[in-house]
Amino acid sequence: MASLHFMQKQSSWEQLRPKRTMGKLFILFLNLLIIVHGAANKIEYQKYSILEELESLRVEEENEVEDANVPSWSSQYGGKVLVNVDSFGAAGDGISDDTQAFEKAWDMACATPKAVFLVPPGRRYLVNATRFKGPCSDKLVIQIDGTIVAPDEPSHWDPKSARLWLDFYKLNGVLFQGNGIIDGSGSKWWAASCKKNKTNPCRGAPTALTIDSSSSIKVKGLTIQNSQQMHFVISRSDSVRVSEVLVSAPGDSPNTDGIHITESTDVVLQDCKIGTGKAPKWSSLAFLLWSRYRNPLTLPELTFRSCPFPEPLKTSAVKISEIMYRNISGTTKSEEAMKFACSDTVPCSNIVLSNINLESKDGTVETYCHSAEGFGYGIVHPSADCLSSHDKDLISIGWAQETVTDRPIGEDIVHTEL
């Protein structure tokens, strides 16, 4: 009887064994669900953290440059000392060379605390290629209310400054503001471009305004137009705020990039209008994030571009991450309205798109991604699902439901030839 009883118990355990196995599998399945759910929550948390960090860039920090109310008719206002270029011999007739007057006024303003380097309204100042070098005294304001115009003849350009026109170097805590115009007089440069006429030799051309190796910079209200090539370059700089800036050039001007940012951190562009030229393959309002290089000295760029690199790309790169595009609308002649072409070795990460609407007059538009990761919310047109192939459903369903809320600079910035 004992033997029979043992056999019966053994048989009962054997009958229970499949149930126990199923129970283990069920528990394992629940654990997997918890892990997956936790991973999804972690992704959501990471996205919100990225958004919170990028949103915080819009808030002005305590040490950020404050706007200055500086009437151009006053010699002194609110403790500010006006340094007027006219007082240093500038003619302001658009014909006489005012370069030396600007250089002398700069030396005075840079050395004077709470100074205002003033370009008065209602006049045109002809200025050749100049580097305005810092560091300068505290709380310098560059008030441009008049027009600064470049020499219009390419053959007269100093070959030592082939890539530069107005270059501001090693500044800290400086405010650029005013209702003035920076005019590159680029028409003769464009006419001589190999992009306009293939019989012309390809050559470099200057950037209208460059801010290099600087920090805590604010640029507000200026117009930059008709640049010889790039309009506005921010290079090797940190904590730069650009707002209410207008960049303008004719639609057929070649390679006239709008705003070109390279090797810089904590840069915010707000409420800017950019309408510049074109090339056969790229449009000025299509935006490009590129993290591959022509040579080891070339650094990553975020730019509105008019044409592709002329040389084969290599795979070396540095890390690009946490970049937000928000409230951007416009038209493009390229099928690829957005292009995120990043390094296979070091992919781009945390690219955020919000309320983007890029259309084409000639057909449909699309987004190109290579080794780039990120997400979008609000309206994003064309769709940028390619930024997040591993999380595509979450992006298209979850987020789309939200509503609108002393080294030379010229040669190591990525330029293309005219």
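In the predicted model, C194 is buried, because its relative accessibility of 9% falls under the 20% limit. C194 is joined to C202 by a disulfide with an S to S distance of 1.9 Å. The torsion about the S-S bond is 100°, and the link of C194 and C202 is right-handed.

Four disulfides are counted in the model. When the bonded cysteines of the protein are numbered in sequence order, they pair as 1-2, 3-4, 5-6 and 7-8.

Another of these bonds is formed by C110 and C136, with 2.0 Å from S to S. This pair connects distant parts of the chain, 26 residues apart: C110 lies in helix α2 (residues 99-111), and C136 lies in the loop between β6 (130-133) and β7 (141-144). Both C110 and C136 are buried. The link of C110 and C136 is left-handed, with -100° about the S-S bond.

A disulfide is also found between C369 and C386, whose sulfur atoms are 2.0 Å apart. Distant parts of the chain are again linked, with C369 in strand β26 (residues 366-370) and C386 in the loop between β27 (372-381) and α4 (392-399), 17 residues apart. The torsion about the S-S bond of C369 and C386 is about 45°, so this disulfide is right-handed. C369 counts as buried at 18% relative accessibility, whereas C386, with a relative accessible area of 32%, is partly exposed.

C272 has a relative accessible area of 24% and is therefore partly exposed.

Note on methods. Residues are numbered from 1 along each chain as its sequence is written. This is a predicted model: local features need pLDDT of at least 70, side-chain atom pairs count only at pLDDT 80 or more; totals for chains, interfaces and linings use all residues. Side-chain values use heavy atoms; hydrogens and water are left out. A disulfide is a pair of cysteine sulfur atoms within 2.5 Å. Helices (H or I, at least four residues) and strands (E, at least two) are DSSP runs, numbered from the N terminus. Buried means under 20% relative accessible area, exposed over 50%, partly exposed in between (1.4 Å probe, protein chains only).
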